[in-house]
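I note what I looked up and what came back.

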Amino acid sequence: MRIATYNINGLNARLPVLLRWLEQTQPDVACLQELKSPQDRFPQEALAELGYEAVWHGQKSWNGVAVLARGMPLVEVQRGLPEDPDETQSRYLEVDVGGLRVACLYLPNGNPAPGPKFDYKLRWMEQFFHRAADLMAGGLPVVLAGDYNVIPTPRDVYKPERWVDDALFREETREAFDRVVGQGWTDAVRALHPNETIYTFFDYFRNAYQRRAGLRIDHFLLSPALVPKLRAAEVDLDVRGWEKTSDHAPVWIELDLKRSASRRRKPAAS
DNA sequence: ATGACTGGTGTGACCAGA
């Protein structure tokens, strides 16, 4: 089973890019962030034509998250964090799909730091810590996927010395991320590529993509039972080079799970 | 240190992103 995460940076403005990417790569599950679309302007029909069902949590102008699944039923479990520090910001959605619990998250940016936006980021990370702990204790196979807005280590940014005071790389941010991982989660991309330079975001400014001056901020955290099933973890880097593209690239993992067993439904009574 | 780019909103000398 292939699961992807993609900060689309404006769902309706990027719809051609999204559809092209879905057609080319056909992920079984896709977590999207930064829809920038109100709840009632979600392109449900265009996605259905490609075979995708969706659950989404929209908001006017900013934020917004969605989970898509190809030919599998999605069951919404949680909309927003249980103790969300600001319920007006649509940043978290959890579903059951294909025998997995999948959380799609868009963690606050937090700049400028220090300041109220950074305080909000840290509060959000604290509540996310509690949710992740509950999921870990529940023992289900869980994937926590999304735009974390966290640069976990110096090797995850092209020039770490320029980012030490940035909300994505400050000590408090990295420590909060490490505390979540310390519950027993595995950073899937780093687990399979321990020494590679891997970026998932490139600024629109200064030809950052062409210069490969990027950040690794989109992550998959896996619960322990899924780690032995992890077969691949990659970035669709070429998508970042498409016309009218997002500033993030899609990231995906392949898990050795049968789609069919979880997709099969009981025959309808007749 | 600054600003370069982009979408959304609604034409702002706008905001927010990372």
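How many of the six residues of strand S1 (residues 2–7) are buried? I looked this up in the model, which is a predicted one. Five of the six are buried, and I put S1 down as mostly covered.

Next I looked up the partners of S1. With strand S2 (residues 29–33), S1 pairs in the parallel sense over five bridges. Within S2, Val29 is the bridge partner of Ile3. S1 and strand S14 (residues 251–255) run antiparallel and are joined by four bridges. In S14, Glu254 is the bridge partner of Arg2.

I then took Ile3 by itself. Leaving out residues up to four places away in sequence, I found that Ile3 touches Pro27, Asp28, Val29, Val102, Val143, Ala145, Trp252, Ile253 and Leu255. Ile3 also turned up when I checked the largest nonpolar core, a set of 74 residues. Ile3, Leu32, Val67, Val102, Cys104 and Val143 have the most contacts inside this core. S7 gives the core six residues, the largest share.

On to the sheet that holds S7. I read six strands forming an open sheet, in the order S5-S6-S7-S8-S12-S9, with mixed pairing. Strand S5 (74–79) and strand S9 (186–187) are at the edges; each has a single partner strand, so one side of each has no neighbour in the sheet. For one pair inside the order, S8 and strand S12 (residues 218–222), I noted antiparallel pairing over five bridges. His219 in S12 is the bridge partner of Gly146.

Helix H3 (residues 116–138) came next, with a length check. I list Lys121, Trp124, Met125, Phe128, Arg131, Ala132 and Leu135 as buried in H3. An α-helix has 3.6 residues a turn, so residues three or four places apart point the same way. The cover over the buried residues of H3 includes strand S7 (100–106), strand S8 (142–147) and helix H4 (171–181). Just after H3, I noted a positive phi of about 75° at Gly139.

Around DNA strand B I found 21 residues, of which Gly10, Ala13, Lys36, Asn109 and Phe205 come nearest. By class, the surface near DNA strand B has eight nonpolar, seven polar and six charged residues.

Definitions and conventions. Residues are numbered from 1 along each chain as its sequence is written. Chains are lettered from A and ligands numbered from 1 in the order in which they are written. This is a predicted model: local features need pLDDT of at least 70, side-chain atom pairs count only at pLDDT 80 or more; totals for chains, interfaces and linings use all residues. A residue is buried if 20 or more other C-beta atoms lie within 10 Å of its own, exposed if 12 or fewer, and partly exposed in between; C-beta atoms are placed from the backbone. Helices (H or I, at least four residues) and strands (E, at least two) are DSSP runs, numbered from the N terminus. Two residues are in contact if their C-beta atoms, placed from the backbone, lie within 7 Å. A residue is near a molecule or strand if its C-beta atom, placed from the backbone, lies within 6 Å of it. Ala, Val, Leu, Ile, Met, Phe, Trp, Tyr, Cys and Pro count as nonpolar, Asp, Glu, Lys and Arg as charged, and the others, Gly among them, as polar. A nonpolar core is a set of buried Ala, Val, Leu, Ile, Met, Phe, Trp, Tyr and Cys residues joined through C-beta atoms within 7 Å. Two strands pair if DSSP finds at least two bridges between them.
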